[in-house]
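Okay, thanks everyone, I'll keep this short. Let me put the structure up, and then we'll go through the rings and the ligand.

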Amino acid sequence: MDPPTPPLFRDPLASPSSKALDLDEPVRATDNDAALARLSAVRKGYLVDPFIIHFVPRAHLQPPRPPLINIGTYIRGTGLDELVESFIGLATGQGKKAQIVSLGAGSDTRFWRLHAGTSREHLACYIELDFPENTTRKAMAVRKSKVLSAALGRSEDIQIGDGGTSLHSSIYRLLPLDLRLPPSVSLAPKLAPILDPSSPLLILCECVLAYVASAASDAVLRWFADFSSSNDGVTGVIIYEMFGLEDSFGRVMKNNLKSRHVELPGAEPYNSLDSLRQRFFRLGFEEARALTLRDFRRTHISVTEQMRIARIEMLDEVEELELVLQHYAISWGIKLSAKQANAWLEWGIAEKSDEDWIP
Ligand SMILES: C[S@@+](CC[C@H](N)C(=O)[O-])C[C@H]1O[C@@H](n2cnc3c(N)ncnc32)[C@H](O)[C@@H]1O
């Protein structure tokens, strides 16, 4: 859904200070693709997001993306938004505020969208993690924009730290962190002092775990689940990523990405929707579900909304759209402590279609 733009490599011979070919740069650059796709979907009217423009340099000069990318971005964003809102609603129902940690957050605007809506009072904190190069860029964008920084409180309460790579406010934090490192040296020192282990914790992994070997991402998810649920808390995890890449579509996708120096080690073990659910059970989660974007479009978007979307742009290749959407999934799981109510096991997204209307 986010085919990367050509990566900008640093020439290792360009200057004495250049260290080595930066192998992570193409992965970091995938954030540009996600941001451009979102900007395009917003401009076309698929999504409402007044904040994305502040994260895309020269936004007014960016060309629109093809309809297939716009629709995919709409479906992904809508599904994830609903799951996040539903988690916050369950926390609120128990008289608690939700904590959200977004892994590989890139230029995501979800914090500002939640803050602008009714979820604002139900959020205890929102923490974003990414490579330091990306957090630096985001911290600068937040500081530069009055609209973005207004959501974080008074300017004297917003602190930039760690050489410009981190940003701290009472509700929102942006922290540099490599998810491939062992959690004991990466997550524990940065997050354990900030998170409240007894408050519901939502971990958001939107298009990031595919870039991280599954042993490392399993360790990350296990750390969060153990941290929270061993302290009477509850941990919810949402993962959006590509899967089932062993077929010809998947091979083409992997080859395209390889030519741009992007690998998907984290997608390798997941060849079926069920394997995405089983990941959660393997990690000790009590409940897990998974839905392809194709099925989300078919059964979780109301007919009225489907008709509105269909009017925005002409889509010639519905079959191609369905093939692409079948290779992306949203999966989610819940890990409870012994004391938690079973209401959490119902966490999910409601089916909406009342008629079979698929263009
Ligand atoms: C495709 S972008 C997705 C950005 C955002 N989550 C979204 O969906 O709009 C992937 C993001 O994951 C980050 N990422 C990938 N591997 C990472 C790692 N090992 N540690 C931290 N961040 C990582 C990248 O830098 C990039 O910002």
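So, to start: how many aromatic pairs does the count come to? The count comes to twelve aromatic pairs. Keep in mind as we go that this is a predicted model.

Let me pick one of those pairs, Phe-87 with Trp-347. The two rings sit edge-to-face, with 5.2 Å centre to centre and 70 degrees between the planes. What I like here is the sequence separation: the partners are 260 residues apart, and the pair links distant parts of the chain. Phe-87 belongs to helix α2, residues 67-93, while Trp-347 is in the segment after β9, which runs 328-336.

Okay, on to the ligand. The space it takes is the largest pocket. There are 21 residues around the ligand, and the ones that come nearest are Arg-76, Gly-104, Asp-130, Leu-179 and Glu-206. By type, the shell splits into ten nonpolar, seven charged and four polar residues. Helix α1, residues 25-44, gives the largest share of that shell, with five residues.

On the side-chain side, an N or O atom of Arg-76 is 2.8 Å from an oxygen atom of the ligand. Then there's the backbone: a polar backbone atom of Leu-179 is 3.0 Å from a ligand nitrogen, and for Leu-177 a backbone N or O atom lies 3.5 Å from a nitrogen atom of the ligand. And how much of the ligand does the protein bury? Taken alone, the ligand exposes 600 Å², and 97% of that is buried by the protein.

Key
Residues numbered from 1 in each chain as written. Predicted model: local features only at pLDDT ≥ 70, side-chain atom pairs only at ≥ 80, totals over all residues. Heavy atoms only, no water. Near = heavy atom within 4 Å. Polar contact = N/O pair within 3.5 Å; in protein donor to acceptor, adjacent residues only side chain to side chain. Areas by Shrake-Rupley, 256 points an atom, 1.4 Å probe, with all protein chains shown as cover. 1 Å grid on protein atoms, 1.4 Å probe; cavity = no way out; pocket = protein on both sides within 12 Å on 5 of 7 lines; lining within 4 Å. Sits in = over half its atoms within 2 Å of the grid points. Helix = DSSP H or I, 4+ residues; strand = E, 2+ residues; numbered from the N terminus. Nonpolar A, V, L, I, M, F, W, Y, C, P; charged D, E, K, R; others polar. Phe/Tyr/Trp six-rings, centres within 6.5 Å; stacked < 30°, edge-to-face > 60°.
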